Amino acid sequence: MLRNQSALNIGNSLFNYSNNYASRYEHVHVYLNGQYQGVYLLAEQQQINAGRVAINEAEENYQGTDIGYFLELHLKNTDGQQIDADFPDYVSLKGNRRVLSGATVPDHYYEVKSDYYSNDQKTFIQKYINNVFSIMFNAVSNKGFYKLDQNYDLVEANFANAYECINEVIDLESLFKIYYLQEMMCNVDVGYASFYLFVDFSSKSTHKRLTFGAPWDFDWSSGNANKNDAQNAKKEYNSRNFEFMNWWLYMLRKSDFFNTYFEKYFEIFDCVGIMQRVFNDIDYEVATFSQDFANNYSVWKTLGTYIPAYTINANLSFKSQKDGADYLKDWLTQRYTYLSSLFLKSLQ
């Protein structure tokens, strides 16, 4: 019951001090009609708001394209149906059979979570997301440097290197930060759902480049999922070629500048003690609220018995919430040690 808290803890450390956003959170007791329903994690909804995703939402019935757009990578809708081009509120990113390091870009879909009021707005953001993706793909795969012209069409450009080219249209700091979080947590959902990005074309915009943030939903993460070898704490995750991998993170990892910049970010995050705070919070929650968690499992008798899709068999051995929390902390410790050995020069 501490995976989402741990992920949002990291997200708050990464984003809430850099013109970006991660949800605030706290555990609560839930009662329905006076009946105790257990312990839940209360968190802010992911939405456009001055204190959350701070982009400018279109006023009702406004037809122009110079607005903020909030998108979620989403390959199935809330009813579990596979998304296709006919679904309302979704835009498609075309793969066009492009190949990078043996992986072929598939068509994939983004739900427009923000309000829009014209087909022009939907057509515009679809064109934009496709062209920004193309700029990054071409730069990383050495197929040339491009930029967006005043109509947001692709034109050839002269950049000194791939980093400069991509950083012109993508807030690469935000992408490196979301990479750190998703790589630390080995989140199965990362290429499938609950992955957010946003951009703002209004005159008051502070996000004129495509920005990544608002992390969400880490149930199948941090050693709790056996899909795509995600339970392996000692293996890179987002650099691998598998179904529903996240192409933004995959391209970043395959870039010629990744190691240089990610090592710098990793060293900064290590110096400020991001993961140590996560470990301390796990210990605090277990010690302080042991009876609350015990009360939860008196209602939900899932310890040692319930295995949903992708969940590891180790959960069958847990007799208490502390057993699961100890497993989580041990897995994250192994994960942090492994990634430190790759990206902290001081340990090499």
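Which elements each supply at least two residues of the lining of the largest pocket? They are α1 (3–15), β2 (35–43), α8 (290–299) and α9 (321–343). Helices (H or I, at least four residues) and strands (E, at least two) are DSSP runs, numbered from the N terminus.

The model is predicted: local features need pLDDT of at least 70, side-chain atom pairs count only at pLDDT 80 or more, and totals for chains, interfaces and linings use all residues. Residues are numbered from 1 along each chain as its sequence is written, and side-chain values use heavy atoms, with hydrogens and water left out.

Start with the pockets. On a 1 Å grid over the protein atoms alone, a pocket is an open set of points where a 1.4 Å probe fits, with protein on both sides within 12 Å along at least five of seven lines; lining residues have an atom within 4 Å of a point. Grid points are joined across faces, edges and corners, and a volume is the space filled by probe spheres set on the points. The largest pocket holds about 1,200 Å³ of space. It is lined by 34 residues, and Met 1, Asn 4, Asp 219, Asn 224 and Tyr 297 are the closest to its centre. Helix α9 gives the largest share of this lining, five residues. By class, the lining has 18 nonpolar, 12 polar and four charged residues. Here Ala, Val, Leu, Ile, Met, Phe, Trp, Tyr, Cys and Pro count as nonpolar, Asp, Glu, Lys and Arg as charged, and the others, Gly among them, as polar.

The second largest pocket has a volume of about 250 Å³. Of its 19 lining residues, Leu 75, Pro 106, Phe 244, Met 245 and Trp 247 are the closest to the centre. Two or more lining residues come from each of β6 (103–104), β7 (108–112) and α5 (247–254). Strand β7 gives the most, with three residues. The lining divides into 11 nonpolar, six polar and two charged residues.

Now the rings. A pair of aromatic rings is described by the distance of the centres and the angle of the planes. Rings of Phe, Tyr and Trp (its six-membered ring) pair if their centres lie within 6.5 Å; planes under 30 degrees apart count as stacked, over 60 as edge-to-face and the rest as tilted. By this rule there are 40 aromatic pairs. One of them is Phe 70 with Phe 198, edge-to-face at 6.3 Å centre to centre and 65 degrees between the planes. This pair links distant parts of the chain: Phe 70 is in strand β3 (residues 68–73), Phe 198 is in strand β10 (residues 195–200), and they are 128 residues apart. Both Phe 70 and Phe 198 are buried. Buried means under 20% relative accessible area, exposed over 50%, and partly exposed in between (1.4 Å probe, protein chains only).

Phe 262 and Phe 266 form another edge-to-face pair, with 6.0 Å centre to centre and 65 degrees between the planes. Why are Phe 262 and Phe 266 separated by about one helical turn? Because they are four residues apart in helix α6 (residues 258–271). Phe 262 counts as buried, at 2% relative accessibility. Phe 266 is buried too, at 0%.

Charges also sit over rings. The rule asks for NZ of Lys or CZ of Arg within 6 Å of the ring centre and within 35 degrees of the ring normal. Arg 98 lies over the face of Phe 137, at 5.4 Å from the ring centre. Lys 264 lies over the face of Tyr 261, at 5.6 Å.

Next, two helices. The expected span of a helix is 1.5 Å times one less than its number of residues. Helix α2 (residues 119–140) has 22 residues and should span 32 Å; its end C-alpha atoms are 32 Å apart, which agrees. Of those 22 residues, 16 are buried, so α2 is largely enclosed by the rest of the structure. Helix α4 (residues 172–185) has 14 residues and should span 20 Å; its end C-alpha atoms are 20 Å apart, which agrees. Since 13 of the 14 residues of α4 are buried, this helix is largely enclosed by the rest of the structure.

Last, the backbone angles. Most residues other than glycine have a negative phi. Asn 142, which follows α2, has a positive phi near 60 degrees. Asn 33 has a positive phi of about 55 degrees. Asn 33 is found in the loop between β1 (25–32) and β2, and is exposed, with a relative accessible area of 75%. Ser 222 has a positive phi near 45 degrees. Ser 222 lies in the loop between β11 (211–213) and α5, and is buried, with a relative accessible area of 0%.
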